[in-house]
Protein chains: 2
Amino acid sequence: MPVGTQGTVKGVSPDELEQLGAQVILGNTYHLHVRPGEKLIARQGGLHQFIGWHRPILTDSGGFQVFSLAKLRKITEEGVHFQNHLDGTPTLIGPERSMEIQRDLDSDIVMAFDECPAHPCTHEDAERSLNLTLRWAARCKAWWNQEKEENRPLLFGIVQGSTYPDLRERSANSLVELGFDGYAIGGVSVGESEAEMMQAVECAETLLPSDRARYAMGLGTPPQMIEMIARGIDMFDCVLPTRIARNGTAFTRRGTLSLKNACFAEDPKPLEEDCECYACRNFSRAYVRHLIKANEILGLRLVTIHNLHFYLNLLRLTRVAILDGRFAKFRSDFMSNYRPHDIE
Amino acid sequence: MPVGTQGTVKGVSPDELEQLGAQVILGNTYHLHVRPGEKLIARQGGLHQFIGWHRPILTDSGGFQVFSLAKLRKITEEGVHFQNHLDGTPTLIGPERSMEIQRDLDSDIVMAFDECPAHPCTHEDAERSLNLTLRWAARCKAWWNQEKEENRPLLFGIVQGSTYPDLRERSANSLVELGFDGYAIGGVSVGESEAEMMQAVECAETLLPSDRARYAMGLGTPPQMIEMIARGIDMFDCVLPTRIARNGTAFTRRGTLSLKNACFAEDPKPLEEDCECYACRNFSRAYVRHLIKANEILGLRLVTIHNLHFYLNLLRLTRVAILDGRFAKFRSDFMSNYRPHDIE
């Protein structure tokens, strides 16, 4: 899922996203609540109508941004009291309020409101936080149960538990007992090692029902996604393809290219050979590098389109490999070709 | 002609420009010479190939930017000695060098190298400058005559003469005597009054052959274009539609809208009703305002697309009105509907 934080996937238009084959985009509840506000969006006909995107939208709960962006937080049983990062307005967001905001946004997949503890975190703090998150998850489910059936979006629970396998397992089991339409692994990619991240996914994943979508939140690099898929993960959201595009970095099967490097100044090749995206069909590395160096908008647009195509296409190829029963070879080929650092 | 200063019309892709119906775009010789350099562009197959634009390109002579952007200028008979604004490299551009750069860029319409005197300017200074510009025009024509016929682009001369009718007339007559493929009016919109600008155009225009294109450089607002067309002008280039789009200002038949105004926060209407551009067919003023306020790239892209459509469509409608013999009514209707300031 490309990430559309403020009601747009940075750098691309909805028709470009459709042409790229994006199936679902993510909207950030916290950002949209702060500006322009979910009530304004509701009066404009909901987020789909407002932003011109007619396929599904998943909204996060706002929890992660409340903890990472807002000021003067105070956590109580009721929810989180904070001042928003734009104008400091004091606000309370708890489970029911998060659900209401996501409903006003006309989200198709809403996420339960959770607390995302910082990393590192003691077992005691992680357990206290998890218990609160589980009580909040029950309140989100109760809110959802009271809604009329025809108004209900899908509701996903979020597994927490920091780096502690016992807590991750208890979290997964408790959520499955409550019953959700899908399950996310939260609190990953928050500063822990990649080994800890994989362990957090592995602990929970085996306990989650295989007929429900499993979603690793805020991930990841191309190799991380392939490894997560090998562990049963179905869904991802990630700002990487759009964020690093704005720095002039392009993904390829062999690793990333930093277009600012002088070696591309006269390179007539496309960002990636054999790539079928609009950028690669029409423009050279030399031109894209010139645009990036000259701070031209078209430069980051072209790299954004290429990177989103790379991510979406990688997952399409992975799905086909799984259906054809050749995922193991696909995985090992991909992992052996991909370099973790800039390749040129 | 949309303006593509650094090898891209700011905010839009070549396929969007084609869909908008742009026939010619302008490239800035000075900017492209400084970065990435005309030799690099030539090695990449020329500007059309480099930037993916397969319709005609007009390049300016570089003169105007040498005078407005470069540092430590010294004007001699040979040309202009300056240090470029990016890294201060000392450079000489004179008539032959300007022609060579424009040829390396693979331009379809090249402009003679001229001096554009500052405004205001005494009659004595304007005359001295004009005499130099006319000697330079003769050198450009001589350079062009020596080129093989199959390599020759179209060559346009530039009328100068500041605000002095006698100089404007002498300039036009001298250029026609030299003989060019088209004629531009330069040194307008450089700080003089609109009345002086119209007079400068009127003085020259009647002396220029009506079977050659007449081009008013660096203009203008929609009413200025309509008034210039009434005086016989055929071609324009202008950064206004793309530049003010980046500030969130949209053109309409009734005047400009500043999307930052609070009155648009919940306005479900398109930027302009009945407009057929991509932005107006798909998005509301409320959404575009949100994007502009949130500094999202899509906001300036949508306003840029709308403004380019507005300009290109206005000239299409004008052409049809002329062919149908109803330009006088078209002109008076347009002028009475268009407000010179923000309308909301």
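This is a predicted model: local features need pLDDT of at least 70, side-chain atom pairs count only at pLDDT 80 or more; totals for chains, interfaces and linings use all residues.
Two strands are said to pair if DSSP finds at least two bridges between them, and the helices (H or I, at least four residues) and strands (E, at least two) named here are DSSP runs, numbered from the N terminus.

Residues are numbered from 1 along each chain as its sequence is written, while chains are lettered from A and ligands numbered from 1 in the order in which they are written. The mean pLDDT (the predictor's confidence in each residue, from 0 to 100) of chain A is 96, and 100% of its residues reach 70 or more. For the complex, the predictor gives an ipTM of 0.96 and a pTM of 0.97.

Strand S8 (residues 154-159) of chain A also pairs in the parallel sense with strand S9 (residues 182-185) of chain A, over four bridges, and here Val159(A) stands opposite Ile185(A). These strands belong to an open sheet of eight parallel strands in chain A, in the order S1-S2-S3-S7-S8-S9-S10-S11. Strand S1 (3-4) and strand S11 (235-236) of chain A stand at the edges with a single partner strand each, so one side of each has no neighbour in the sheet.

How much of this is covered can be judged by counting neighbours: a residue is buried if 20 or more other C-beta atoms, placed from the backbone, lie within 10 Å of its own, exposed if 12 or fewer, and partly exposed in between. Five of the six residues of S8(A) are buried, so this strand is largely enclosed by the rest of the structure. Helix H10 (residues 222-230) of chain A is mostly covered, with seven of its nine residues buried, among them Pro222(A), Met225(A) and Ile229(A).

We turn now to the two chains together. Chain B can be laid on chain A with an RMSD of 0.0 Å by a turn of 180° and a shift of 0.0 Å along the axis, the copies being superposed by least squares on the C-alpha atoms of residues with pLDDT of at least 70 in both. The two copies are thus related as by a two-fold rotation axis, and in chain B the C-alpha nearest the axis is that of Ile297(B), 4.0 Å from it.

The contact, in which two residues count if their C-beta atoms, placed from the backbone, lie within 7 Å, takes 30 residues from chain B and 30 residues from chain A. On the side of chain B that touches chain A, H13(B) gives the most, with five residues. Finally, 100% of the interface residues of chain B are also interface residues in chain A, so the copies meet through the same surface.
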